[in-house]
Amino acid sequence: MRLCFGVKTQQLISRVFSRPVNRSAVRWRAAQTRLACSSSTGEEKPRPSMLRHLTFKIKATGPITVAEYMREVLTNPVTGYYVRNDMLGPDGDFITSPEISQIFGELLGVWIVSEWIGAGRPKQLQLVELGPGKGSLAVDVLRVFGQLRSIVGGASLSLHLVEVSPVLSRLQAQNLTGSRSREADAEDEPVYRRGETAVGVPVSWYRRLEDVPTGFSIFLAHEFFDALPIHKFQRTQKGWREVMVDIDPEKSEQLRFVVAPSPTPASSTLVQADERRGHVEVCAEGGVVVQQLARRIVEDGGAALIADYGHDGTKTDTFRGFKSHRLHDVLSSPGSADLTADVDFGFLRRMAGGGVACLGPVTQQTFLKNMGIDSRMQVLLRNCSDASTRQQLIGSYDMLTNGAKMGERFHFFGLLHHSRLAKPTRPEGLKLEKKKSPAPLPVAGFTELSFS
């Protein structure tokens with residue numbers, strides 16, 4: 001069904017994207033992503049501290065789950081990959097969409113404003129981002145709020161960042177607040193850093209989603225769920241068995257995958273009874289996070305937008321590593337590379353439950369085109385005379401929307417309060433009007449919209 005993009009979301013996009021953009025202000029960058037990777041070559045030097053830690057643990061307790069392996073490798077407070085490294089950007093291990101182009105964040109900013117309007121323009125708006133990278137997405141979203149100040153100026157806006165990495169939180173603070181932030185005096189404070197942007201938007205940092213204050217919130221999770229620990233299960237003649245990580249008996253400094261000989265608590269509870277695949281990955285922590293988001297949306301109102309590469313319950317073995325923009329053996333040199341697995345959006349939908357409305361997943365190509373990326377490109381190219389910059393614009397657009405690159409590998413998934421999709425009710429006792437009740441504002445990005 002094709003709907004007309006009426007006077008609300010269309011006006012938002014027009015006001016944000018009709019301005020000429022000079023060459024220096026355009027932050028489009030042609031870059032590789034995790035999805036444009038080739039296999040790594042050559043031997044990696046192991047990171048002794050993490051490998052030693054894992055081998056001690058396995059010798060003491062036996063093989064560990066893949067989920068425990070991922071948790072230790074990525075977020076161990078001493079040697080974890082996310083704790084020690086700045087992994088983003090051309091010099092890191094992968095690049096995300098906000099690092100490629102500012103237009104990605106601008107379009108998501110328009111989506112947030114559109115959903116705020118669709119929810120009735122609440123006086124309080126908490127923007128909550130899970131795993132905010134370098135803060136690039138938040139910077140671009142806040143720029144949109146600045147451009148639409150006449151529309152959203154009446155709302156009390158605050159930014160809340162859920163981040164476990166000290167390295168990245170410092171980068172986020174620098175990009176968002178400059179010198180206007182400070183760390184908490186005690187390490188166990190729920191809010192471990194506070195600051196404000198140049199225009200006075202308060203910014204707070206948390207290690208856990210449950211520490212973010214209650215209230216009407218719109219949640220963003222871009223490439224967050226793919227890094228949460230997964231359990232892996234293999235179908236055998238004796239039923240489902242969990243895949244574990246063990247020490248290679250022939251090479252004591254190497255790890256290997258093994259299949260548990262008997263059921264584990266995870267294999268007995270996490271695999272669906274009607275599962276038909278032979279190999280399954282389940283992100284139990286992702287299910288918990290989605291349940292938290294759904295509960296908060298039901299109780300306080302708001303919405304959640306999840307963007308990640310994934311599938312709708314069809315793929316099997318997607319666990320992989322990335323180092324220097326190349327595929328990396330997940331068990332080699334633990335702690336030196338990013339670990340990731342495709343998001344199972346079908347599982348997230350089941351875990352969200354019926355209390356919220358779930359939209360998608362739709363491909364990134366579909367979402368961005370529905371949000372008006374083609375119109376934005378026309379404006380940028382029309383106001384750009386430099387050949388090199390034009391080439392960068394076209395290259396970045398292609399990276400974001402081309403089906404063979406990020407366009408069909410990344411997906412968008414939304415959680416909304418049911419009232420957001422309900423038709424407005426007519427006042428009881430009045431029979432004067434014969435017009436149909438007005439329809440709710442279409443959900444931008446998830447609906448094929450006409451810019452006419």
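**Space inside the model**

When the whole structure is searched, one cavity of 30 Å³ or more is found. By cavity I mean a set of points, on a 1 Å grid over the protein atoms alone, where a 1.4 Å probe fits but cannot get out, and its lining residues are those with an atom within 4 Å of a point. Grid points are joined across faces, edges and corners, and a volume is the space filled by probe spheres set on the points. Please keep in mind that this is a predicted model, in which local features need pLDDT of at least 70 and side-chain atom pairs count only at pLDDT 80 or more, while totals for chains, interfaces and linings use all residues. Residues are numbered from 1 along each chain as its sequence is written, and side-chain values use heavy atoms, with hydrogens and water left out.

The largest cavity holds about 120 Å³ of space. Its lining has 13 residues, and those nearest its centre are I230, C283, D342, V343 and D344. At least two lining residues come from each of β13 (279–282), β18 (343–344) and α12 (345–352); the helices here are DSSP runs of H or I with at least four residues, the strands are runs of E with at least two, and both are numbered from the N terminus. By type, the lining of the largest cavity has eight nonpolar residues, one polar and four charged, where Ala, Val, Leu, Ile, Met, Phe, Trp, Tyr, Cys and Pro count as nonpolar, Asp, Glu, Lys and Arg as charged, and the others, Gly among them, as polar.

**The chain as a whole**

Stepping back, the chain has 16 helices and 21 strands, and of its 452 residues 54% are buried, which is to say that their relative accessible area is under 20%, with a 1.4 Å probe and protein chains only. Of the contacts in the chain with a separation of 6 or more, 75% are between residues 24 or more positions apart, a contact being heavy atoms within 4.5 Å.

**A helix that is largely enclosed, and what follows it**

Helix α3 (residues 66–75) has seven of its 10 residues buried, so it is largely enclosed by the rest of the structure. Those buried residues are V66, A67, Y69, M70, E72, V73 and L74. In the loop between α3 and α4 (81–84) we come to N76, which is itself buried at a relative accessible area of 10%. Leaving aside neighbours within four places in sequence, N76 is in contact with M50, H53, R71 and V83; the C-alpha atoms of N76 and M50 are separated by 8.9 Å, although these two residues are 26 residues apart along the chain.

Another buried residue, T55, with 9% relative accessibility, sits in helix α2 (residues 48–61), and beyond its neighbours within four places in sequence T55 is in contact with I247, S252 and L255.

**Backbone details**

Most residues other than glycine have a negative phi, and most peptide bonds are trans. H325, in the loop between β15 (320–323) and β16 (326–328), has a positive phi near 65 degrees and is buried at 8% relative accessible area. S333, in the loop between β16 and β17 (338–340), has a positive phi of about 50 degrees and is buried at 7%.

**The nonpolar cores**

Finally, the largest nonpolar core has 62 residues, of which W111, F367, F412 and F446 touch the most other members. Its largest share, 10 residues, comes from helix α6 (residues 102–118). A nonpolar core here is a set of buried Ala, Val, Leu, Ile, Met, Phe, Trp, Tyr and Cys residues joined through side-chain atoms within 4.5 Å. A second, separate core of 57 residues includes V73, A221, L255 and A341.

Methods
1 Å grid on protein atoms, 1.4 Å probe; cavity = no way out; pocket = protein on both sides within 12 Å on 5 of 7 lines; lining within 4 Å. Buried < 20%, exposed > 50% of the residue type's maximum accessible area, 1.4 Å probe, protein only.
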